Amino acid sequence: MNALLFNSTLVIYAVVTAVYLIYLLKPKESLGKAALWLTLAGFLVHCGFTLNRFLEAGHTPITNLHESLSFFSLSVVGIFLLLERRYKISILGSFMMPVALLIMIISASFSTVIPPLNPALKSKWLAVHTIMAFLGYAAFAISFGVSIMYLIQSHFLKTRRLGSMFQKLPSLDILDDISYRCLTFGFPLLTFAIISGAIWAETAWGTYWSWDPKETWSLITWFIYAALLHGRLTTGWRGRKAAMLSIFGFVIMLFTFLGVNLLLPGLHSYK
């Protein structure tokens, strides 16, 4: 059942991505609605996979790369659907659904076997820490996609190339607002994930902070987004500079999630 639900999600996301890319070229309302309903269907099937995995494993299914990447993709799609409901910007899916699909494809490349749970992971903090972290990651992923859209739209305005693509993208103000909302949603979640992780570490390993590579890079990621949020709140930091820092922060976040876990030995290593 796990394989069926996962593969079904992958196929639906692939179809959705294709529809959204066609919508990017020919933005017809019927295509936008079809893509949205397909996205919702894929999201529900994805939720079914996650629930089934939870029932089969007996714990929160975010303990290996297959599960973590899948939940990351699920979170991205979930937040995208919320933003679509709020802003009614179908073209955002043309940028975010390919990201969700790519994450699922990478997830499919890792083992689907449910291994015995490490004793250190047998804690009530597993769900709290990981869910908060990935929801924060997903918000930053959306901010990344919106920042890419902002830079594209800004380039069109700067070069006065006000063609069809310019007409399809939202205004700079709307894109900036979405990016800011994602930041104010994701940053508290990342903060709480780090705090809950420290509390969990104390119960599991006897210390709140050990400068494990994951902890160190998580703190670096936190400082980057803290600087971005501080700049926006105190000095009105907006526009191109904020978009570029958001993109940079997402790259560092990806290294914190994947690079550290795969390349650097430590307590969070997936090796």
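**Helices and a loop in a predicted model**

Visitor: In this predicted model, how far does helix 5 reach from its first C-alpha to its last?

Guide: Helix 5 covers residues 125-159, which makes 35 residues. At 1.5 Å a residue a span of 51 Å is expected, and the helix in the model comes close to that, reaching 51 Å.

Visitor: Which residue follows helix 5, and what is its phi?

Guide: Most residues other than glycine have a negative phi. The residue that follows helix 5 has a positive phi instead; this is Arg-160, with a phi near 60°.

Visitor: Is Lys-88 buried or exposed?

Guide: Lys-88 lies in the loop between helix 3 (65-87) and helix 4 (92-108), and although Lys-88 is not a glycine, its phi is positive, at about 55°. Its relative accessible area is 61%, and exposed means over 50%, so Lys-88 counts as exposed.

Visitor: Leaving aside neighbours within four places in sequence, which residues is Leu-219 in contact with?

Guide: Leu-219 lies in helix 8 (residues 213-234), and because its relative accessibility is 23%, it counts as partly exposed. Once the neighbours within four places in sequence are left aside, the residues in contact with Leu-219 are Trp-209 and Trp-211.

How values were computed. Residues numbered from 1 in each chain as written. Predicted model: local features only at pLDDT ≥ 70, side-chain atom pairs only at ≥ 80, totals over all residues. Heavy atoms only, no water. Helix = DSSP H or I, 4+ residues; strand = E, 2+ residues; numbered from the N terminus. Buried < 20%, exposed > 50% of the residue type's maximum accessible area, 1.4 Å probe, protein only. Contact = heavy atoms within 4.5 Å. Expected span 1.5 Å × (residues − 1).
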